[in-house]
Amino acid sequence: MRKLFMFLLIAAVVVISACSEEKPESKNDLVFVEGGTFKNNNSNYAGEGMTLSNFYIGKYEVTQKEWAEVMGSNPSGFKGDNLPVEMVSWYDAVEYCNQRSLKEGLNPFYNIDKNKKDPNNNNENDNIKWIVTIHEGANGYRLPTEAEWEYAAGGGQASKGYIYSGSNNADEVAWYWKNAGNKPLTGNWNWPAIENNRNQTKSIGTRKPNELGIYDMSGNVREWCWEWHGDSDSRTGSYRLVKGGGWMGDVSNNEISFRGKFDANGFGPDQGFRVVRGE
């Protein structure tokens with residue numbers, strides 16, 4: 001009887017432990033980010049008094065395997081299950097978010113109207129211009145806002161004030177034009193040298209993570225964000241915001257504060273994204 005009691009006690013402890021850990025550090029490779037004000041002074045939002053709510057963000061950039069499992073194909077130029085997906089536009093990314101949400105039984109975060117042109121899109125090169133709005137309260141996947149991206153990249157409440165995501169030394173945390181090929185490159189940015197060096201994307205998570213255990217927020221592929229490139233509250237624009245820099249870009253692009261821009265319908269071998277969900 002005593003042995004049975006001890007067995008049941010141990011089993012109960014195991015169940016309680018599992019439940020207590022259920023607030024996941026990660027769910028489907030999403031890292032929990034405790035909200036608050038910006039502690040990393042390298043962020044564009046430092047000192048503004050902005051307070052973010054808790055959220056989850058991808059531990060890694062979305063991989064080609066993850067993309068193919070949801071979308072049924074792989075548009076990437078550099079093939080590999082654990083390489084980040086690339087050659088995806090902003091529109092592709094929001095569609096992926098909705099499709100992955102549906103696949104996992106979540107409410108899609110975006111309302112996508114493909115039958116009308118977005119009057120807020122001023123880009124003359126964008127022939128798509130879907131109207132994409134937010135479904136308030138939906139629990140599905142979405143793109144990060146720039147503030148969320150910078151907060152997470154900068155280490156959140158655990159920030160050590162790094163310039164890049166996880167270090168002041170880009171080579172510890174980032175894949176960029178000088179280190180993403182067959183051999184290290186030196187000097188000024190040089191496309192023929194990059195091409196001859198066979199630079200390309202790298203497997204996720206092979207550099208050092210940042211303070212929150214998130215990988216590749218500096219380098220590898222540039223990451224789509226939700227907003228227009230412009231003022232943080234701008235409702236119109238010509239370009240969507242990209243963050244983090246990529247394997248072909250200069251090291252300055254890897255800084256947390258760097259604000260890149262790209263046509264929403266544009267895609268390239270250094271253009272990918274990571275996902276976010278609310279708490």
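View 1. Among contacts with a separation of 6 or more, 66% join residues 24 or more positions apart; a contact here means heavy atoms within 4.5 Å. Residues are numbered from 1 along each chain as its sequence is written. Because the model is predicted, local features need pLDDT of at least 70 and side-chain atom pairs pLDDT 80 or more, while totals for chains, interfaces and linings use all residues, and side-chain values use heavy atoms, leaving out hydrogens and water.

**View 2. The open sheet of four strands.** Welcome to a mixed sheet, in which 4 strands run in the order β9-β8-β7-β10 (strands are DSSP E runs of at least two residues, numbered from the N terminus; two strands pair if DSSP finds at least two bridges between them). At its edges lie β9 (260-262) and β10 (271-272), each pairing on one side only.

**View 3. Where β7 meets β8.** Strand β7 (residues 222-228) pairs antiparallel with β8 (residues 240-243) over 3 bridges. Look for Trp-224, whose bridge partner in β8 is Val-242.

**View 4. Lining of the second largest pocket.** Have a look at the residues around this pocket, including Phe-109, Tyr-110, Arg-142, Trp-226 and Glu-227. A pocket is an open set of points on a 1 Å grid over the protein atoms alone, with protein on both sides within 12 Å along at least five of seven lines; lining residues have an atom within 4 Å of a point. The lining has 6 nonpolar, 2 polar and 3 charged residues, with Gly counted as polar.

Note on methods
1 Å grid on protein atoms, 1.4 Å probe; cavity = no way out; pocket = protein on both sides within 12 Å on 5 of 7 lines; lining within 4 Å.
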